[in-house]
Amino acid sequence: MSPVNYVYLAALLFTIGAVGVLIRRNAIVVFMCVELMLNAANLTLVAFSRIHGNLDGQIMAFFVMVVAAAEVVVGLAIIVMLYRSRHSASVDDASLMKL
Amino acid sequence: MESLIGLLVGFPLLGAAVLLCGGKRLEKTGHWLGVVLAGASFVLGAVLFFDMLGKSADERALHQHLFSWVPVESFQADVAFQLDQLAMTFVLLITGVGTLIHIYSVGYMEHDERRRRFFGYLNLFLAAMLLLVLADNYLLLYVGWEGVGLASYLLIGFWQHKPSAAVAAKKAFLVNRVGDAGLAIAIFLMFTTFGSFAFAPVLSNATEAGEGKLTAIGLMLLLAACGKSAQVPLQSWLGDAMEGPTPVSALIHAATMVTAGVYLITRSGAIFNAAPDAQTVVVVVGAVTLLYGAIVGCAKDDIKKALAGSTMSQIGYMVLAAGLGPIGYAFAIMHLVTHGFFKAGLFLGAGSVMHGMNDEVDMRRYGGLRKYMPVTFVTFGLGYLAIIGFPGLSGFFSKDQIIEAAFAKGGTQGWILGAVTLLGAAITAYYMTRVMLMTFFGEERWRGQANEPHPHESPKSMTIPMIVLAFGSVFAGGLFKIGESFVHWLEPVTQFEHGHSPLSAPVVTGATVVTMLIGVGAAWLQYGRRPVPAEAPRGSLLTRAARRDLLQDDLNHVALVLPGEYLTRGLVYVDNKVVDGAVNGTAAAFGGLSGRTRRLQNGFVRSYAVSMFGGAAILVAATLLMRAV
């Protein structure tokens, strides 16, 4: 199977993630979609690594995973705090900063 | 002896500092401190004078270098004094007459609660004027010049609770400022032409500079002199300056201030000698002012304003004489000194009359005062005889010589100037006789008024200075004339040439006396033989114009004030509409733009995410496009 198919799959995953971020209101789902986009990017890195035959992309994918793990911790903490203060996990309710 | 020159300025300056900073503790005795320090300056001046007399003419000039003021490589400004014969003459006049006026003020200002301050200002006036005449360079002279302007402003507006006095002080200050600008420009020109502004290098090299530059310097100096000496066209402040207390008027008109212009022209004689065009303008200004002041003096019913017109006219004589060059400088200064005596005497006399008449100044409310104020009458009368040039009194000698010198100018100019000075002498006799008759003779028009005054003689502190000045008015001219001593005294500084008059001296003298008698006779016909109406008659067109200072204020209003006002209004309009419009418009544009941009910040995370995706998509598209190209 041609490795290019992985790139198509990554594009599909990224699109699903992006659309999810844009249309869903629940912060947790939005967050999951963000993760989906990150992993789509990871998949691209790995796929291109395979296509070009060197390891740079795979090493980069590990970095992204580490950063994504850290980001999940911070992001979930924010969502928990948001839920505690506003009794809702909807991103549209968190609009206090607008004039 | 040189080291004492600075003290001449130092004494009154110390007095001013102590009196103005001393506070209420000096309220009771402060005025005597002022008198003593002015007197000390006079005594020191006299000592230096007798020391100077003992030397030969070439060694008389003394110099004192106090300190370097602005030592920059090619710009050397020093605080240094020069006491030569010309400065000496002024020092004695300023301190002598000044001291007498100080003594007089002790009585005159007795009931004024701000007397200490008044004496502080008087001392400041003396100090500034002494600095002006003792400076050995134009820059230090300028310091004194400005000091005189400041002191006159403070003194004219001394009764600042009267709006008229406050306005008069401002007017004097502003008009003087025009002249000061002239002096400043003259100093700039000197520095660019000669590389210096000290008297010695400028005046000794004057002939080497181009005539155009010298004419420019001369005209700027003349402008300065016009401001301080109240010459046409900057004379309008002098009449209003009568709002100050009378001793101030005496000081301004006799010893300080108005004499500064004549001093400046005489001191800068070398420049004027080398610039005949500037000299001609000086003579014309003098001649015009001479007639102008005399005509104004004829129409005024306010005794002080009549005397103010007279001062203008007499200073006109001096400026005219100074414009004649070496044939006139000495006579200008001689008339200045004799005028200092009799004009101070006349003003102090006028003050004494006002003192006894509840501060009334309208001569139509006077009359027959000679019985009530004998001392004032006699001293004022002697001053009167001196100013009209009654033979034998000081005004006669000094004025007669100016008239002779005017004829000696030669050619048509000489005849015109001679005729103008003779005409001026006749008008002088006319208006002074008018003042004399309206004040001391005739019916007692003050009787039966609502607030009837009780005329009385003034206290000794006021009459003694008047008596001393009367002696000066009578004898000074004669003393100066004996053996031409005054001319010889000034000759090393001002140079002297004998003018060759087309008329012989006795003829000129005879003509002077005859015109004087005509003036006196005309005044007697109008004011002596007939009773003086207590209300001013409407008068001819000329009289009405002269009452308004020959429309000078109206002219200034139309020519300067109105255009200034319109210019200001125009600028305000431009400022409001154009400048503010641009600024406010820019602000409004940014405000509106911001208001619209603000809507983008709607607080919905998802819409921000759309922007991000959109932006990223555009970036990717752009990158790909660039690649493709």
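A residue is termed buried when its relative accessible area is under 20%, exposed when over 50% and partly exposed in between, with a 1.4 Å probe and protein chains only. The model is predicted, so that local features need pLDDT of at least 70 and side-chain atom pairs count only at pLDDT 80 or more, whereas totals for chains, interfaces and linings use all residues. Residues are numbered from 1 along each chain as its sequence is written, chains are lettered from A and ligands numbered from 1 in the order in which they are written, and side-chain values use heavy atoms, with hydrogens and water left out.

In chain A, buried residues account for 27% of the 99 residues, and the C-alpha trace spans about 50 × 25 × 25 Å along its principal axes.

Over all chains, the structure holds 22 aromatic pairs, a pair being rings of Phe, Tyr or Trp (its six-membered ring) with centres within 6.5 Å, counted as stacked for planes under 30 degrees apart, edge-to-face for planes over 60 and tilted for the rest. The rings of Phe118(B) and Phe158(B) have centres 5.0 Å apart and planes at 70°, and the pair is therefore edge-to-face. Both Phe118(B) and Phe158(B) are buried. The rings of Phe480(B) and Phe486(B), with centres 4.6 Å apart and planes at 40°, form a tilted pair; Phe480(B) counts as buried because its relative accessibility is 18%, and Phe486(B) is buried with a relative accessible area of 5%. Ring pairs also link Phe118(B), Phe119(B), Tyr121(B) and Phe158(B) into a cluster.
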